[in-house]
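Dear colleague,

Please find below the structure that I am handing over to you.

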Amino acid sequence: MPIAFETKPGIVAYLTAGDPDLATTRDIALAAIDNGADVIELGVPFSDPLADGPVIQRASERAVARGTRLTDVLGIAAELRKARPACGLVLFSYLNPVVRMGMKEFCTKAAEVGADGVLLTDMIVEEAGEYLAEMSANELAPVFLAAPTSPDARLKAIGENSKGFVYAISRVGITGTRDTVASDAPGLVERLRKFTTLPIAVGFGISNAAHVKAVGEFADAAVIGSALVALIEKTGPTDAATAVGSFIAGLRGR
Amino acid sequence: MATAVENPAVQVAGRFGAYGGRYVPETLMAALEELEAAYAVAQDDPAFHAELDGLLHHYCGRPTPLYFAKRMSEQLGGAKIYLKREDLLHTGAHKINNALGQGLLARRMGKQRIIAETGAGQHGVATATVCALLGLECVIYMGEEDMRRQELNVYRMRLLGADVRGVASGSATLKDAINEAMRDWVTNVRTTYYVLGSALGAHPYPTMVRNFHRVISIEARKQFLEEVGRLPDAVVACVGGGSNAIGAFYEFIPDASVKLVGVEAGGRGTALGEHAARFQKTGGGLPGVLQGTYSYVLQNDYGQVATTHSVSAGLDYASVGPEHAMLHDSGRAEYVSCSDEEALKATVALSRTEGIVPALESAHAVAEGMRMAARMGKDQILMINLSGRGDKDMGIMARELNLQGATKDSTIAGGL
């Protein structure tokens with residue numbers, strides 16, 4: 001299982017698949033991997049991304065409008081796996097596109113294309129019976145989110161049911177960049193450590209090298225999402241891969 | 001997810017058959033658990049019910065009348081039509097039942113900031129009203145398209161002290177307003193109470209909202225037995241999210257002789273995007289997950305949620321409360337649809353035969369009620385839940401029905 005963070009802190013790069021288009025998403029992901037991203041979170045665009053802020057919401061709307069389908073995202077995942085066998089690859093989605101395809105079929109296909117794990121934004125551990133069974137049958141890692149508002153009992157269930165890594169949300173709220181890493185984050189990671197030995201990645205509001213360094217002092221990896229998506233939005237399809245490559249290299253201090 | 005399978009390691013609640021559940025960002029889970037616990041305590045507390053019942057009576061005007069629509073029944077020549085007059089409630093629709101219940105609950109929980117979403121504005125008005133009454137801060141999210149369609153209710157909410165925030169994303173209607181309200185809730189979850197406006201969303205909302213609207217069928221059942229001498233043969237209600245319908249159906253569910261009929265918005269056609277009929281076979285409605293619950297969702301082949309259309313902002317929603325999904329699958333309730341045009345005709349018909357102007361939502365139930373009554377026998381009885389009054393829709397009615405000049409000509413009544 002290639003989900004590993006060898007240089008601490010690790011970097012998880014989120015991309016909305018199909019924004020600006022599928023081929024560019026693939027090239028951006030390759031550039032991110034080659035410049036130091038350990039794990040790519042490939043986001044399935046959804047019409048109603050209620051946990052996301054305006055940046056990812058806009059990217060999702062653009063990708064949906066272009067007709068990007070879950071099957072297309074699986075296709076890009078297969079290409080990435082073939083091109084970079086050692087990178088970590090996590091499929092990221094809201095539930096409905098997965099339910100529409102069928103949970104069993106989705107998990108089978110995710111394994112076939114070579115994904116390491118899956119993160120479903122609106123799937124909580126209590127509802128995850130079928131999901132966990134299918135993930136396990138296909139040797140995939142279910143990545144659950146932990147929030148600053150999650151009490152210890154929930155963190156325990158989240159820790160016990162996750163594989164690969166646990167995604168700690170740095171603050172209450174939706175995705176989007178912020179000036180500083182939220183003060184909620186270190187406490188949450190410390191509480192989570194009581195219940196899991198998995199690596200812990202911190203996301204929401206991480207947008208520059210200083211943030212990544214700050215996260216490295218208490219967690220194993222940083223998730224960069226909105227900052228990348230905003231950069232892609234600003235740059236345009238021709239230069240996006242290069243821009244993302246140098247951005248990730250900058251986060252690594254290269 | 002043909003049938004929902006829970007994680008055996010942990011307990012889950014709030015299922016209606018396979019439907020319902022909780023599909024939300026983890027950040028909201030603590031708030032949902034807190035709400036569930038607070039609601040359970042309130043439900044067992046006679047003081048909570050005493051205050052709620054007192055306000056429902058003295059402030060809102062309950063019980064609402066059960067009115068025999070004699071002229072309409074005679075003209076149709078079939079079943080006797082009774083109207084459950086939720087339109088006579090304070091603020092003009094059934095929505096106040098739930099807003100008041102949840103407002104009192106929010107106050108018990110010590111939450112000073114209230115958020116809500118609204119489609120036609122009736123839930124927003126009800127929530128803003130309750131916030132004024134209880135001295136709570138109020139923010140209402142509303143699609144910009146709905147703000148345009150329901151301008152009068154926007155003024156009412158602002159007059160009542162609410163901060164009405166327009167939502168431009170998606171189709172700028174109810175679904176998008178709910179997304180935005182949920183974003184606010186995720187961000188301000190520690191201080192904010194979300195007054196969800198229909199019997200949908202994550203557990204405990206569908207159960208809680210239904211329970212606050214049960215009063216409709218509790219009263220109606222008693223009124224039929226006492227005033228008419230027997231139960232109705234059918235109960236008809238419009239279904240957007242489905243809160244008035246579940247409230248009107250609930251106490252009749254064990255009465256097998258009472259047919260339950262929900263009426264969805266057929267809009268202007270059966271193609272995806274032209275209607276909000278989640279249960280119609282050719283409409284694109286399939287079980288899925290939207291905004292926290294597993295229910296029927298209008299969607300394309302790839303799980304993207306469809307835009308919807310209805311002349312009535314309150315029915316213009318891509319999903320439906322999970323309890324209706326269960327009643328649909330079990331066959332206990334039947335769900336039909338009625339077009340924009342039929343609803344407008346029914347609006348005219350009810351206005352001119354009984355002097356009652358229904359909300360365009362309720363007019364969908366009136367249209368189906370008229371259709372059914374005409375086919376039923378004179379000894380049969382049908383109840384239409386008149387969920388709201390039409391004042392808020394006057395702009396749309398004026399435009400759609402061309403009410404600019406003399407309108408004595410009854411040809412627009414069509415169906416009668």
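A search over all chains of this predicted model finds 56 salt bridges in the whole structure. One of them pairs B:Asp301 with A:Arg100, where the closest N and O atoms are 3.7 Å apart. B:Asp301 sits in the loop between strand 12 (292-298) and helix 12 (322-330) of chain B, while A:Arg100 belongs to helix 4 of chain A, so this pair joins two chains. In general terms, side chains of opposite charge can pair when their charged atoms come close.

Across the interface of chain A and chain B, six salt bridges are found. Another salt bridge links A:Arg154 to B:Glu26, with 2.8 Å between the closest N and O atoms. The interface of chain A and chain B also holds 20 residue pairs in polar contact, both residues being at pLDDT 80 or more.

The size of an interface is often given as the accessible area lost when the parts come together. Here, chain A and chain B bury about 3,700 Å² between them, and 53% of this is on carbon and sulfur atoms. In chain A, the residues that lose the most area to chain B are A:Leu50, A:Arg100 and A:Glu127, which together make up 20% of what that side buries.

I turn next to the sheets of chain B. Four strands of chain B form an open sheet with parallel pairing, in the order 7-6-5-8. Strand 7 (163-167) and strand 8 (192-194) of chain B stand at the edges with a single partner strand each, so one side of each has no neighbour in the sheet. From one strand to the next, the twist averages 25°. Strand 5 (residues 113-118) of chain B runs parallel to strand 8 of chain B and is joined to it by three bridges. B:Ile114 stands opposite B:Tyr193, a residue of strand 8 of chain B.

An open sheet of four strands in chain B has antiparallel pairing and the order 1-2-12-11. Its edge strands are strand 1 (15-16) and strand 11 (285-290) of chain B, each of which pairs on one side only. Two bridges connect strand 1 of chain B with strand 2 (residues 19-23) of chain B, the two running antiparallel. B:Arg15 stands opposite B:Gly20 in strand 2 of chain B.

For residues 61-384 of chain B, an unreviewed UniProt entry lists "domain: Tryptophan synthase beta chain-like PALP". Over this range the chain is 41% helix and 21% strand, and its end C-alpha atoms are 19 Å apart.

Some details of the backbone remain. Most residues other than glycine have a negative phi, and most peptide bonds are trans. A cis peptide bond, with omega about 5°, joins A:Asp19 and A:Pro20. A:Pro20 lies in the loop between strand 1 (10-16) and helix 1 (22-34) of chain A. In chain B, the peptide bond from B:Arg62 to B:Pro63 is cis, with omega near -5°. B:Pro63 is placed in the loop between helix 2 (46-58) and strand 3 (66-68) of chain B. A:Glu139, although not a glycine, has a positive phi of about 55°; A:Glu139 is found in the loop between helix 6 and strand 5 (141-142) of chain A.

With kind regards

Note on methods: Residues numbered from 1 in each chain as written. Chains lettered and ligands numbered in written order. Predicted model: local features only at pLDDT ≥ 70, side-chain atom pairs only at ≥ 80, totals over all residues. Heavy atoms only, no water. Pairing = 2+ DSSP bridges. Axes fitted to C-alpha atoms, helices over the stretch in contact; angles between N-to-C directions. UniProt positions renumbered as here; feature names shortened; annotations may be inferred. Buried area = accessible area lost by both parts, 1.4 Å probe. Salt bridge = Lys/Arg side-chain N within 4 Å of Asp/Glu carboxyl O. Polar contact = N/O pair within 3.5 Å; in protein donor to acceptor, adjacent residues only side chain to side chain.
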